[in-house]
Amino acid sequence: MSAPATSSPLPLAGGAGGGSVTDTGLPTPNPSRGREGDYRADFPALDEGWHYLDSAATAQKPNVVLDAIARAYGPDYATVHRGVYERSANMTLAYEASRKRVAGFLNAASEREIVFTSGATESINLVAESWGNANIGEGDRIMLSQLEHHSNIVPWQMLAERVGAHVDAAPLTAEGHVDLDWIEANITERHKLVSLAHVSNVLGSLLDARRAADIAHKVGAKFLLDGCQAAPRLPVDVQALGCDFYVFSGHKIYGPTGIGALWAPYEQLDAMPPWKGGGSMIDRVSFDGTTFAPPPGRFEAGTPHIVGVVGLDMAIQYVEGIGLDVISAHENATLAKAREALRGVNSVRVFGPDESMGILSFAVGDVHPHDVATILDEGGVAIRAGHHCAQPLMDYLGVPATARASFGIYSDDSDVAALVEGVERVRKIFG
Ligand SMILES: Cc1ncc(COP(=O)(O)O)c(C=O)c1O
């Protein structure tokens, strides 16, 4: 994919599905839209012969994102929201255009519903500190599940500890989905929040989010969706999902690290107190008292991650240019081949449902997953081994760790072949 024009570089175009910016400032169609097949060439990190199967941890970055970052830190660099000089005004336009882009990406009603954060972890902590402190009290309950990432467990435990609330963990079905029947049967009016992963980072299982939202709302609880693994691999429509909060991280959708977003309906954000104080989040400061800016600025204290925001805009343009439905179909087809092939290998156990979303956890006999990953690495195959920041899930599965192969838009049949070959080598080495 060719990089956007560089002479007037800021990605000023707002809205979903737009393209890169020409030197007139107008969007051009993204050249990758509708393109089938080889996306590897867009990613300079993907050396010939290297098989990157750790996209669930973090995705590689396409050239257009790297170029956008370089321009934003280079010839375009200036602060936002403060400067009256032209470059700062342009950077502010780019920053706010990115907010609009994220709103379109999630089908939010307005860009005022998008708060930039450092990532999903910070987004969840924001909700726990701001909304949670104000709305969850002694004796209340928070419904999670056994497959949650630590980022969607620990902030709620900390909140529960602070206010005297209780955290519940819903079990999983035999397939590896959150057991919504169990939640429906066990949720009570003391539950003020249900917070679940849209897609599990270990099992790849996709939540029936609409049903979970309905169950939560029936008892008056709010519903948070952790979209970290969903946003990179399926179209997300927060209005159709019926959630009250949605969070994701930019680095998993081919964007920069250190940037992510929280979505919530504007009225919801407007009812929430700030959680961090500083510049930019205020209306007026005096020693008699301070008043706060309306959302989303109320939640963006200090100089923000300007370049991350600009890079995120380009990453979303990139994935929307390909189409989330195309990405989803491609990853799932590649994963299905890997699942099928690994199932055929003696002593390999695969975890999670058959139709897992781009993520495949497995074990090779009793071999420790770190040994599996080390041997695979010797063959140029990069997978993750460990607890994947989901220790309760490891306990639930009765394993200390798993090996995990996760796919991205650039994954192809050669990656699957190298993975299977590596697993065969593990078997040979360990007899
Ligand atoms: C499901 C899930 N939730 C939350 C996170 C935390 O994301 P981050 O570390 O980018 O804040 C991750 C990261 O792996 C994840 O997979």
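**Confidence and conventions**

The structure is a predicted model, in which local features need pLDDT of at least 70, side-chain atom pairs count only at pLDDT 80 or more, and totals for chains, interfaces and linings use all residues. Residues are numbered from 1 along each chain as its sequence is written, and side-chain values use heavy atoms, with hydrogens and water left out.

The mean pLDDT (the predictor's confidence in each residue, from 0 to 100) of the protein chain is 92. Of the residues, 91% reach 70 or more. Where pLDDT is low, the predicted coordinates should not be read in detail.

**Two buried loop residues**

Helices (H or I, at least four residues) and strands (E, at least two) are DSSP runs, numbered from the N terminus. Serine 200 lies in the loop that runs between strand S7 (191–197) and helix H6 (209–218). With a relative accessible area of 1%, serine 200 is buried; the term means under 20% relative accessible area, while exposed means over 50% and partly exposed in between, for a 1.4 Å probe and protein chains only. The side chain of serine 200 comes to 3.1 Å from the backbone nitrogen of valine 202. Beyond neighbours within four places in sequence, serine 200 has contacts with Leu147, Ser205, Gln229 and Ile359.

Arginine 233 is placed in the loop between strand S8 (222–226) and helix H7 (238–241). Is arginine 233 buried or exposed? Its relative accessibility is 2%, so arginine 233 counts as buried. Residues up to four places away in sequence aside, arginine 233 touches Ala56, Leu324, Ile327, Ser328, Glu331, Met357, Gly358, Ile359 and Phe407.

**Helices H9 and H10**

Two packed helices are described by the angle between their axes and the distance between the axes. Helix H9 (residues 306–322) packs against helix H10 (residues 324–343) at an angle of about 75°, and the axes are 5 Å apart. Here axes are lines fitted to C-alpha atoms, for helices over the stretch in contact, and angles run from 0 to 180 degrees between N-to-C directions. H9 and H10 are therefore roughly perpendicular to each other, a label for angles of 65 to 115 degrees; under 35 counts as roughly parallel, over 145 as roughly antiparallel and the rest as oblique. From H9, Val319, Glu320 and Ile322 meet Leu324, Val326 and Ile327 of H10. By class, this contact has five nonpolar, no polar and one charged residues. Ala, Val, Leu, Ile, Met, Phe, Trp, Tyr, Cys and Pro count as nonpolar, Asp, Glu, Lys and Arg as charged, and the others, Gly among them, as polar.

**Backbone exceptions**

Most residues other than glycine have a negative phi, and most peptide bonds are trans. Tyrosine 254, not a glycine, has a positive phi of about 70°. It sits in the loop between strand S9 (245–249) and strand S10 (260–263), and tyrosine 254 is buried at 2% relative accessibility. Histidine 388, also not a glycine, has a positive phi of about 60°. The loop between strand S16 (384–386) and helix H12 (391–397) holds histidine 388, which is buried with a relative accessible area of 1%. The peptide bond from proline 295 to proline 296 is cis, with omega near 0°. Proline 296 belongs to the loop between strand S12 (289–292) and H9.

| Pair | Apart in sequence | C-alpha to C-alpha |
|---|---|---|
| alanine 363 and asparagine 186 | 177 residues | 33 Å |
| aspartate 413 and serine 98 | 315 residues | 34 Å |
| glutamate 86 and glycine 242 | 156 residues | 41 Å |

Alanine 363 lies in strand S14 (residues 359–364) and is buried, with a relative accessible area of 17%. Aspartate 413 is in helix H13 (residues 413–429) and is partly exposed at 45% relative accessible area. Glutamate 86 is in helix H2 (residues 86–106), and at 63% relative accessibility glutamate 86 counts as exposed.

Definitions and conventions
A polar contact is a pair of N or O atoms within 3.5 Å; within protein, one must be able to donate a hydrogen and the other to accept it, and residues adjacent in sequence count only if both atoms are side-chain atoms. Contact means heavy atoms within 4.5 Å.
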